[in-house]
Amino acid sequence: MASKKASNKRQRGGQKSCSNVFSMFEQSQIQEFKEAFGCIDQDRDGVIKKQDLKETYGQLGKLNVNDEELDEMLNEGKGPINFTVFLSLFGEKLNGTDPEDTILAAFKLFDPNGTGFVNKDEFKRLLMNQADKFTAEEVDQAFALAPIDPTGNIDYKSLCYIITHGDEKEES
């Protein structure tokens, strides 16, 4: 049933259903990234690993790449680098998304007791009245994927993960 729902989403106006990371790019850009991913994923298993990177560098003429450099690249993904993670990494670099810990630190300013939650209504008021003031519609869009409990509190740790990695509920 989930695949039928995702299929229907794609058919309506070309919406992307895998993750919000896909909304950061035009369809043509996603296709270019997919081709690049395919070139790097030498063994075609859907995940970029150290050996894939070594072989790619070898094809480009760099034969003496060191393991530390490769490990550092792979660690940027904080786990297996599938296409969604690959796209997220480029999205962060190209679109300036802050790292997860930076976003988390910003939310903690609004959570002096360290509960892991911020009140939705209070946060909405702040967004609409401080700095780059949000409109009510922009706040609603921002809260659309936010994990909000029945008492009106946002689980900002989960929200930070969604902002930086995409929404897992959309991926299924």
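**Figure 1. K62 is partly exposed, with a relative accessible area of 36%.** Partly exposed lies between buried, under 20% relative accessible area, and exposed, over 50% (1.4 Å probe, protein chains only). The model is predicted: local features need pLDDT of at least 70, side-chain atom pairs count only at pLDDT 80 or more, and totals for chains, interfaces and linings use all residues. Residues are numbered from 1 along each chain as its sequence is written, and side-chain values use heavy atoms, with hydrogens and water left out. K62 meets E69 in a salt bridge, 3.6 Å from N to O. A salt bridge here is a side-chain nitrogen of Lys or Arg within 4 Å of a carboxyl oxygen of Asp or Glu. E69 is partly exposed too, at 29% relative accessibility. Elsewhere, shared partners join the salt bridges of D43, D45, K49 and D52 into one network. The structure holds seven salt bridges.

**Figure 2. D71 and K50 join two helices.** Their side chains form a salt bridge of 2.9 Å, N to O. D71 sits in helix α4 (residues 67-75) and K50 in helix α3 (residues 50-59), so the pair ties together parts 21 residues apart in sequence. Helices (H or I, at least four residues) and strands (E, at least two) are DSSP runs, numbered from the N terminus. D71 is partly exposed at 31% relative accessible area. K50 is partly exposed at 25%.

**Figure 3. K54 and D67 form a salt bridge.** The N to O distance is 3.2 Å. K54 belongs to helix α3 and D67 to helix α4, so this pair ties together parts 13 residues apart in sequence. K54 has a relative accessible area of 31% and is partly exposed. D67, at 33%, is partly exposed as well.

**Figure 4. Helices α3 and α4 pack at an angle of about 120°.** Their axes lie 10 Å apart. Axes are lines fitted to C-alpha atoms, for helices over the stretch in contact; angles run from 0 to 180 degrees between N-to-C directions. The two helices are therefore oblique to each other. Under 35 degrees is roughly parallel, over 145 roughly antiparallel, 65 to 115 roughly perpendicular, and the rest oblique. The crossing of α3 and α4 is right-handed. From α3, the contact uses K50, L53, K54 and Y57; from α4, D67, E69, L70, D71, M73 and L74. Contact means heavy atoms within 4.5 Å. In a right-handed crossing, the near helix is turned clockwise from the far one by less than a right angle; anticlockwise is left-handed.

**Figure 5. Helices α7 and α8 cross at roughly 135°.** α7 spans residues 120-129 and α8 residues 136-143. Their axes come within 10 Å. α7 and α8 are therefore oblique to each other. α7 passes α8 in a right-handed crossing. The contact is made by K120, F123, K124, L127 and M128 of α7, together with A136, V139, D140 and F143 of α8.

**Figure 6. An annotated region within the whole chain.** The UniProt annotation "domain: EF-hand", from an unreviewed entry, covers residues 28-63 and 98-133. Over residues 28-63 the chain is 64% helix and 0% strand. The end C-alpha atoms of residues 28-63 are 32 Å apart. The protein chain has 10 helices and two strands. From the N terminus on, its elements run α-α-α-α-α-α-β-α-α-β-α-α. Of its 172 residues, 28% count as buried. UniProt positions follow the numbering used here, feature names are shortened, and annotations may be inferred rather than shown by experiment.
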